[in-house]
Amino acid sequence: MNHQEDKLIMTVADICKELGVSYSKGRQLVISHIRHIKIGRTYRVTRKAFLEFLGETNNTNAESIHYELEPYW
């Protein structure tokens, strides 16, 4: 288990690193599709919510999800 997997609370930057996406795409995913809390101007996501988003929980009926993200501009 690496340090990233030990974190219970993740930032947008942590999620971007896990998914290999840019910060703007990661932030858009968090705002649109992942349960989160906003503290000031920052977003926080629990590891559980992130794994649920990925479909890695005990739900064996999870289906593949395709997200089309619109650019911010």
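Predicted model: local features only at pLDDT ≥ 70, side-chain atom pairs only at ≥ 80, totals over all residues.
Helix α4, made up of residues 47-54, lies across β1 and β3 and runs at about 75° to β3.

The three strands form an open sheet in the order β1-β3-β2, and their pairing is antiparallel. The edges are taken by β1 (9-11) and β2 (37-39); each has a single partner strand, so one side of each goes without a neighbour in the sheet. On average, and ignoring direction, neighbouring strands here are turned by 40° against each other.

Now for the β2 and β3 pair. Strand β3 covers residues 42-46 and joins β2 through three bridges, again in the antiparallel sense. Within this pairing, K38 sits opposite Y43 of β3.

Stepping back to the whole chain, there are four helices to go with the three strands. Read from the N terminus, the elements come in the order α-β-α-α-β-β-α. As for how the chain folds back on itself, take the contacts with a separation of 6 or more: 50% of them are between residues 24 or more positions apart.

The chain has 73 residues, and 23% of them count as buried. Its accessible surface comes to about 5,600 Å², with carbon and sulfur atoms contributing 52% of that area.

Technical notes
Residues numbered from 1 in each chain as written. Heavy atoms only, no water. Pairing = 2+ DSSP bridges. Helix = DSSP H or I, 4+ residues; strand = E, 2+ residues; numbered from the N terminus. Axes fitted to C-alpha atoms, helices over the stretch in contact; angles between N-to-C directions. Contact = heavy atoms within 4.5 Å. Buried < 20%, exposed > 50% of the residue type's maximum accessible area, 1.4 Å probe, protein only. Areas by Shrake-Rupley, 256 points an atom, 1.4 Å probe, with all protein chains shown as cover.
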